[in-house]
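The sequence and structure come before the text.

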Amino acid sequence: MKLLYTPRSPYARKVCVVALEKAVTLDCVSEDLVNKSSRLLQANPLGKIPTLILDDGRTITDSPVICEYLDSLKENPALIPKEPSLRSSILTFAAIADGLMDVTVGAFLERRRHPDDFNAAFIAAQQETVYRCLTYFDAQIEQWQGLNLAGIGIASAIGYLRFRLPHWWPASYCQRLVHWYEEFSQRKSMQETAPRE
Ligand SMILES: N[C@@H](CCC(=O)N[C@@H](CS)C(=O)NCC(=O)O)C(=O)O
């Protein structure tokens, strides 16, 4: 299986962490998102990464769908619980983590595209959303902590926040989340996938 990705993307990182934790081997191919390859555009009309190309040529895209596929390949460790109530809870935290990635990517790109005249009201609103998400994860930590898709998504989102907007990472509050993140980041799967340019 070939994973089209970039080493900066938090969505791709989540997929790579899932693959490493499941001991599923992926052939990772770095894509240029400015000049998109025909391989990427043929595999995914949206031209987005991560995109997984199966050995039979079929495509799976959107990181939650790829993660669900990888999780279904092997029983252990089960990253998405089967029991309905637990499952919907973990998938909801994972979806909020994806939303946190969306907000952080959006804020970073706005500043990068318009360094001198970025939309300050937009950035302030994104920052508020980031803080609300982090506070929410901190308050609900008992519901999601552990090795599951929610924890992996939250850690990947925080890793990206620290990579792109480190001054938004709350050293002084969300103490439980900060402590959890530092510990979770020691996992081999997290160390091997740290974002880089
Ligand atoms: N919902 C998608 C989001 C993926 C996404 O936005 N990827 C970005 C890179 S971080 C991308 O491909 N951007 C290129 C583009 O939109 O043209 C997922 O979870 O996989």
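## The sheet

Four strands form an open sheet in the order β2-β1-β3-β4, with mixed pairing. Strands here are DSSP runs of E of at least two residues, helices are runs of H or I of at least four residues, and both are numbered from the N terminus. Two strands pair if DSSP finds at least two bridges between them. β2 (27-30) and β4 (59-61) are the edge strands; each has a single partner strand, so one side of each lacks a neighbour in the sheet. From one strand to the next, the twist averages 25°.

β1 (residues 2-5) and β3 (residues 51-53) are antiparallel to each other and share three bridges. Leu 4 has Thr 51 in β3 as its bridge partner.

## Basis of the model

The model is predicted: local features need pLDDT of at least 70, side-chain atom pairs count only at pLDDT 80 or more, and totals for chains, interfaces and linings use all residues. Residues are numbered from 1 along each chain as its sequence is written.

## The whole chain

The chain contains nine helices and four strands. Starting at the N terminus, the order of elements is β-α-β-α-β-β-α-α-α-α-α-α-α. The radius of gyration, taken over C-alpha atoms, is 17 Å, close to the 16 Å from the globule rule (2.2 Å times the number of residues to the power 0.38) for 197 residues, so the chain is as compact as a globular protein of that length. The C-alpha trace spans about 45 × 40 × 30 Å along its principal axes.

Notes:
Axes are lines fitted to C-alpha atoms, for helices over the stretch in contact, and angles run from 0 to 180 degrees between N-to-C directions.
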